[in-house]
Amino acid sequence: MAKDSDTPANRRNPIEAARARTASAYEAARNRASDATRRANEQLSVYPLSAVVGGFLLGALVGAMLPRTERETRLIGKAGRKVAGAARDAAQRGIDAGREQLDQLKSKAVETVGEAVSTLTSGGKD
């Protein structure tokens, strides 16, 4: 004799519940990703120099990882060393500017978090 809990409708409930939880988790993750993208776009519009510096540093990193060929060394020679030195100097200036931008972002984040905590602890009354 079959129990009531063995009916097909009851066996589907855990599946439906899991499906609902999965859909809910997906929607929450999608919302968080959308918020992160929106915040990143806002930061890029406020700090475009950071995006340029980041892109430059990423390109320099990829370029540094690629192996140098003998032909490249022979053809470029002194000019290559001169350009590399100038690029190193520019990269250092970019790193310094990026650090300055990052420090500004950190300060702003600390200020924003402080304001949020103050608002929460005061019960939202200002």
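This is a predicted model: local features need pLDDT of at least 70, side-chain atom pairs count only at pLDDT 80 or more; totals for chains, interfaces and linings use all residues.
Good morning. I shall begin with the chain as a whole. The protein chain contains three helices and zero strands. Read from the N terminus, its elements follow the order α-α-α.

The protein chain has 126 residues, and 6% of them count as buried. Its accessible surface is about 10700 Å². Carbon and sulfur atoms account for 60% of that surface.

Rolling a probe the size of a water molecule over the atoms shows where empty space is left. What volume does the largest pocket have? The value is about 650 Å³. The pocket is lined by 19 residues, and those closest to its centre are Gly-63, Ala-64, Arg-68, Gly-80 and Ala-84. Two elements, α2 (48-65) and α3 (70-121), each give two or more residues to this lining. Helix α3 provides the largest share, with eleven residues.

Is Gln-101 buried or exposed? Its relative accessible area is 13%. A residue counts as buried when this value is under 20%, and therefore Gln-101 is buried. Which residues does Gln-101 contact, if neighbours within four places in sequence are left aside? They are Tyr-47, Leu-49 and Ser-50.

Thank you for your attention.

Terms used
Residues are numbered from 1 along each chain as its sequence is written. Side-chain values use heavy atoms; hydrogens and water are left out. Helices (H or I, at least four residues) and strands (E, at least two) are DSSP runs, numbered from the N terminus. Buried means under 20% relative accessible area, exposed over 50%, partly exposed in between (1.4 Å probe, protein chains only). Accessible areas come from the Shrake-Rupley method with a 1.4 Å probe; for residues, only the protein chains shown count as cover. On a 1 Å grid over the protein atoms alone, a cavity is a set of points where a 1.4 Å probe fits but cannot get out, and a pocket is an open set with protein on both sides within 12 Å along at least five of seven lines; lining residues have an atom within 4 Å of a point. Grid points are joined across faces, edges and corners, and a volume is the space filled by probe spheres set on the points. Contact means heavy atoms within 4.5 Å.
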